[in-house]
Amino acid sequence: MRRVDRGEFLRAALAVPFAPRVLAGGTPVAYVTADLESHVVVIDLETSSVVRRIRTGPGPRSIESVHDRIAVVAHTEHGVLTLLDAATSRIRAELDGFEAPRYTAVHPRRTLAYVTDSAREEVVAVDAEHAKVLWRTRVRGQARHVAISPDGRTLWTALGTAASSVAVLDTSDARRPKLVRTISPPFPAHDVGFVPDARAAWMTSGAERRVAIYRGGRRPARIIAAGSPPQHVTFARERAFVASGDDGTVRRHRLDGGLVSEARVPLGSYNVTFGWRRLVTPSLAAGTTSVLDHSGRVRSIEKVARAAHDACIVFEP
């Protein structure tokens, strides 16, 4: 396993220009990865303005919020996780011992993060509060996108960027997930997501213009049309949002799959997240961040970095 020189990693972080600014009062903000510039951009969701940049080690690739107060940043090429504290805008901890950490799902009731390590073919359970690796589950495939059910008992991860199988883990023992089976998707799978407060899951494609909707069982209840692959999905109350970065679109659907509307965003806007009545999709190609409202209407598009791959939403007190 490749190890990280911590001193070199931190020196690279300190080389990034940094202009702190304090927000008055509590507010929801978006954390956006600046992949090529070794920092995380903080964006005020009300004004869509950049309010500060949090220095990290090199190559922050993906980011996920742990209950609005901790952000898990995966540095895929460097085998490191950074845990950011939303209350202080500072690094809480850095964890190595990974080879290629990809994406993160968060337990709905605990401060547990499940991180996919594609090179080691593992899903890694991390105690985000205490910055501790708890357990590693072998999934026999290059785990990437990952999602956990609203009851916290089931986790899905696509075993590749255009995967022939999706691993299903039992997380009823939240600290020690167990691989129980795999699903054979109707197309090469890319992203997965569970509908909040409903027994349904959506699976997007890494190779086809389709999205599958599962309502229990191993076969989809419905397959709907989508934009160019790969697509990514997130949810907001009674709506699903599907982003197609190669088309530069975000489609708004009913939970039964019916298309409601479509918005145009910059090309390369792949990953998408929702929170606090805002939808955020950064552009890997353009370095922009698009902020949409809960109805899927574009409120702003701002240049924030040379490349911006992923985003999450946290609450700063």
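Predicted model: local features only at pLDDT ≥ 70, side-chain atom pairs only at ≥ 80, totals over all residues.
Select Trp156 and Tyr214: both are buried.

The ring centres of Trp156 and Tyr214 are 5.4 Å apart. Their planes stand at 90 degrees, so the pair is edge-to-face; the cut-off for that class is over 60 degrees.

Now colour by strand. Trp156 belongs to β13, residues 154-158. Tyr214 belongs to β18, residues 210-214.

Trp156, Phe194 and Tyr214 make up one aromatic cluster.

Next, select Trp276 and Phe315. Here the rings are stacked, with 5.2 Å centre to centre and 25 degrees between the planes. Trp276 sits in the loop between β24 (273-275) and β25 (278-282). Phe315 is in strand β28, residues 308-316.

Are Trp276 and Phe315 buried, exposed or partly exposed? Trp276 has a relative accessible area of 45%, so it counts as partly exposed. Phe315 is at 31% and is partly exposed too. Partly exposed covers the range between under 20% (buried) and over 50% (exposed).

Then move to Phe98 and Arg136. Arg136 lies over the face of the Phe98 ring, 5.4 Å from the ring centre.

Finally, zoom out. How many aromatic pairs does the structure hold? There are five, including Trp156 with Tyr214 and Trp276 with Phe315.

How values were computed:
Residues numbered from 1 in each chain as written. Heavy atoms only, no water. Phe/Tyr/Trp six-rings, centres within 6.5 Å; stacked < 30°, edge-to-face > 60°. Helix = DSSP H or I, 4+ residues; strand = E, 2+ residues; numbered from the N terminus. Buried < 20%, exposed > 50% of the residue type's maximum accessible area, 1.4 Å probe, protein only. Lys NZ or Arg CZ within 6 Å of the ring centre and 35° of its normal.
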